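The following note sets out selected points on the model shown below. Please read each point alongside the coordinates.

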Amino acid sequence: MSYTDPTFRNYAPVAAANYAALRPLYPEKVINTIIEVHKSTGGQMETLLDVGCGPGTATLSLAPFFQHAFGADPGESMIERARQHPPQTANGEETKFVVCAAEDLMSISDIQVGTVDLITAGTAAHWFQLPTFYACAAKILRPGGTIALWCTGSLYCHPHSTPNAARVQEVYSRLTQEILGPYELPRNKLYRNLYENLELPWTIQDMDPSTQGAMEAFDKSNFKRVEFNKAGQVEPNEGFVLGMTSSLDMLQQGLGTGSGVARWREAHKDQLEKGEVEDCAAYIIRMLKQAMAEGPGGKERDWIEGGTPIVSADHCSTFHDSGGFVEHGSNIPGRDQFYIRIEIQSRCISVNESTHETNMTLESTLRICRSNLLRGTINISGSKNASLPILAATLLNIGENILENVPQIRDTAQMCFILQYLGAHIYRPDDSLHIETSCVGPRTIPESLAGTLRGSILFLGPLLARYGHAQIAFPGGCAIGARPIDQHIKGLQALGAEVSWNGNMVEAKAPSGLRSGEVRFDVPTVTGTANILMAATRIEGTTVIYNAAREPEIVDLAVVLSRMGAIIEGAGTYCITISGRSSLYPILHRLMADRIECGTYMVAGALFGIPLTILGGVPTHQTMLREKLEEFGARIVIKGETMVVYRATNPGPVTIETAPYPGIPTDLQAPLMTLVVTAAGVSTITENMFENRFAHALELNRMGAQIRLDGNSAIITGVSMLSGTTVVASDLRGGAALVLAGLFANGCTRIKNAELVDRGYEKIEEKLKGSSAKIWRETRDDAGSSEHKC
């Protein structure tokens, strides 16, 4: 880039890292367009030079097509960032990144006259001194060489899926025109206008005589322009060419990577520090929230779908001899050059490093009135714990995967955000989820994404298997005790991975690829088994996992991986054998039913059912729970996949211990605690899986329960009634336990942090309302209203 904009040249290392994390990869359609046109003009696939490469965003997608690849950028921090994970070329050579401006390409020692086949610049050419750049490009290009330039334009929301889309688009336009307009340099407007006025070799005025010959070498007659989603136009059931859905918190941080926002903040630095003005990005997010809230279904929306238009495929010819540019332009035929302008219709996927789990949706409260009799039918959603590894497994193949019965819950939404951040295209035209993984790249998954859920660790195995490298922040999730990943690391090391820690980041490398082998877990681990199972699927040869987890969710994952092309035996037992292959196929799969959601509603039926009918669950997954509920006094009738649960009329005390499948799952311990609180006598619950999973007991005691904790056991003396009050959900399953307690308690119960329940239960209040429960949700905006008072 030239001296005309120092914003990126002077980026600090942390800013360069944010830029790398927050900017989306370019879509496969754009990359393929460049490569196809380059080949169509006789271009060779030997050497690539990506100019203004930044942290290597475009280089990552282009380098694998060539034998040698170079990236050049004037920003030292950008190049330092790019060098941390250089993409490999077709022959396994690492891309070389150099600090160099677009106007000084001849200074790159490894590049000689007439040796480069393709020169690219993604959303960068508007900063170049173009006459000098064109002259340099003409010298170093090989006969048949190509120049490809493209840019992103202004932001657009999806016109069909965005609530109050016209008003939302007005907010975007105000950002561009009114707020940032005065702080943008003239060259910012070049990409805002989709390079309509970008200087082309034949439009340059008052050119230096030393570069005139180079400009004459470009043939205007072969110039053409291809556009994608111009002015934000998109069909109702289609996504953008480069499409990502972003949470508003993540979008705010992504806006901050733009040079216009950087200059606005610099101009208002003192006022921002004194709190006299609102940050421009924060203001826009607030306006977007207000605009969407005015449209149907927009009040609870904390995410947005949108993007920016693409222009593609501008083609012209050059004339050079094999020795490169002839200064006075002898017009010797022999080189066709492709000049491409691409305006990319993309959604900004951005990361807020301070994002926490509750930022995914509005803070909410559930208000519950006593509803001790439930009659109706509840349909069980797709499995949360099966969906998370299967979503991660889509990274193992290249193409469009279709998943049915995916629950619309917070954890699956967050997994989709991570997939989109990695470059996947995701859309849901109906009840199925379509995931296109062709454009995925091995990006570092930051704490702002990984820290929101435990399932983020499931990307470690697939990324390592596909790219030979994976780096991810330590996973988050509910605060229920230590959840180490040592077994994951041990398993990957057994398959040849080199694993290291850098602060809270775990990095795994396999430069020569993973190798088949034997993995012996010290203890069964569900996510550990899933990670190794996925990694082994892409390794040619036979891998055996000993002491594997036996959960049904592992069996469902094995079904998916088998459909991709692997041969898997023993899933559901302690020993799994995998015969992998280097390339896998996209799949169509319907997820299993959620056995934890099913179990929770079975507990509700044992408490209140007159009867409660549960559809879509798998009765064989609930054998141990069914026996315990019948011991409690409930009656359960099973007809196929239908379970009819009648409440216990004379409930008695029981002893419960959590255990791996087929035992009582730890995820049902909290709902079962609410159950035994209502039984006369003394019950005992022993938690064998996690050491800190009794936080809900303290909240139940605040409602009148009598629970005493003793190490990993809870001793519960039954009471005849609980009293409604305000309680706080500390985790997903504890929140579900409080919901059941609220239905049992006299008066009104308010459960704060109810958004935690949404991590694993799809539309819990709607399902319970359908069975006569009195339950409502209050968001942060309406929690103070008088509506729905008990």
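**Notes on the predicted model**

1. Pro662 is located in the loop between β31 (655-657) and α22; helices (H or I, at least four residues) and strands (E, at least two) are DSSP runs, numbered from the N terminus. The peptide bond leading from Tyr661 into Pro662 is cis, and its omega is near 15 degrees.

2. On provenance, this is a predicted model, in which local features need pLDDT of at least 70 and side-chain atom pairs count only at pLDDT 80 or more, whereas totals for chains, interfaces and linings use all residues. Residues are numbered from 1 along each chain as its sequence is written, and side-chain values use heavy atoms, with hydrogens and water left out.

3. A cis peptide bond also joins Ile610 to Pro611, with omega near -5 degrees. Pro611 belongs to strand β28 (residues 609-615).

4. Asn547 has a phi near 60 degrees, a positive value in a residue other than glycine. Asn547 sits in the loop between β24 (541-546) and α19 (552-564).

5. Helix α22 (residues 669-677) and helix α24 (residues 732-744) have axes that come within 7 Å and cross at roughly 25 degrees. Axes are lines fitted to C-alpha atoms, for helices over the stretch in contact, and angles run from 0 to 180 degrees between N-to-C directions. The angle makes α22 roughly parallel to α24 (under 35 degrees counts as roughly parallel, over 145 as roughly antiparallel, 65 to 115 as roughly perpendicular and the rest as oblique). The crossing of α22 and α24 is right-handed, that is, the near helix is turned clockwise from the far one by less than a right angle. Ala670, Pro671 and Thr674 of α22 make the contact with Arg733, Gly734, Ala737, Leu740 and Ala741 of α24, where contact means heavy atoms within 4.5 Å. By class, these residues are 5 nonpolar, 2 polar and 1 charged (Ala, Val, Leu, Ile, Met, Phe, Trp, Tyr, Cys and Pro count as nonpolar, Asp, Glu, Lys and Arg as charged, and the others, Gly among them, as polar).

6. Helix α24 also packs with helix α20 (residues 595-608), at an angle of about 20 degrees and with the axes 11 Å apart. The two helices, α20 and α24, are therefore roughly parallel to each other, and their crossing is right-handed. From α20, Ile596, Thr600, Val603, Ala604, Leu607 and Phe608 meet Arg733, Ala736, Leu740, Leu743 and Phe744 in α24. The contact of α20 with α24 comprises 9 nonpolar, 1 polar and 1 charged residues.

7. Helix α16 (residues 460-467) packs with helix α18 (residues 526-537) at an angle of about 15 degrees, the axes being 8 Å apart. That angle makes α16 roughly parallel to α18. Their crossing is right-handed. Leu460, Gly461, Pro462 and Ala465 of α16 make the contact with Asn531, Met534 and Ala535 of α18. The classes are 5 nonpolar, 2 polar and no charged residues.

8. Which residues does Asn405 contact, leaving aside its neighbours within four places in sequence? They are Ser381, Gly382, Asp431, Arg590, Leu591 and Met592. Asn405 itself lies in the loop between β17 (400-404) and α14 (410-421). A polar atom of the Asn405 side chain is 3.1 Å from the backbone oxygen of Leu591.

9. The structure contains 22 salt bridges, each a side-chain nitrogen of Lys or Arg within 4 Å of a carboxyl oxygen of Asp or Glu. One of them joins the side chains of Glu170 and Arg167 (3.5 Å, N to O). Glu170 and Arg167 are separated by about one helical turn, because they are 3 residues apart in helix α6 (residues 165-179).

Terms used
Polar contact = N/O pair within 3.5 Å; in protein donor to acceptor, adjacent residues only side chain to side chain.
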